[in-house]
Amino acid sequence: MLKNEYPYAVVVSYTFDDNVGVYPCRSEDEAKALLKKFFENEVAEDEANDNDAESVLAEDGWSATITNFRRDGSVDMTTWRIGSIDGEGGEILARQ
């Protein structure tokens with residue numbers, strides 16, 4: 001039932017912990033706009049905090065990554081991708 005109302009989802013994952021965020025969306029355009037908003041907010045936060053980071057938003061709008069190079073020498077990455085709610089139990093599947 002969920003996949004009929006929200007066929008897309010923005011999936012956010014972080015390399016520095018096991019947290020994953022899933023944000024259901026009603027359309028591909030809504031999912032792309034949300035992913036872009038999350039990405040741009042994170043880029044702005046990194047710039048405001050003077051973090052050394054590499055950021056990439058895929059040309060097709062289906063994914064984005066930010067790699068942060070911390071002052072202590074550590075590196076972490078945030079990844080956003082658009083997936084679909086599919087399979088048994090409302091499993092989130094990333095677009096390949």
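**The whole chain**

Please keep in mind that the model is predicted. The protein contains 2 helices and 6 strands. Read from the N terminus on, these elements follow the order α-β-β-α-β-β-β-β. Of its 96 residues, 24% count as buried. The protein exposes about 6300 Å², and carbon and sulfur atoms supply 46% of that area.

Contacts tell another part of the story.

**Two loop residues**

P7 sits in the loop between helix 1 (2–5) and strand 1 (8–14). The C-alpha atoms of P7 and E28 are separated by 8.3 Å, and these two residues are 21 residues apart along the chain.

D50 belongs to the loop that links helix 2 (28–48) and strand 3 (52–57). Its backbone has a positive phi of about 60°, although D50 is not a glycine.

How accessible is each residue? The table lists both.

| Residue | Relative accessibility | Class |
|---|---|---|
| P7 | 26% | partly exposed |
| D50 | 60% | exposed |

D50 counts as exposed because its relative accessibility of 60% is over the 50% cut-off. P7 counts as partly exposed because its 26% falls between the 20% and 50% limits.

Notes. Residues are numbered from 1 along each chain as its sequence is written. This is a predicted model: local features need pLDDT of at least 70, side-chain atom pairs count only at pLDDT 80 or more; totals for chains, interfaces and linings use all residues. Side-chain values use heavy atoms; hydrogens and water are left out. Helices (H or I, at least four residues) and strands (E, at least two) are DSSP runs, numbered from the N terminus. Buried means under 20% relative accessible area, exposed over 50%, partly exposed in between (1.4 Å probe, protein chains only). Accessible areas come from the Shrake-Rupley method with a 1.4 Å probe; for residues, only the protein chains shown count as cover.
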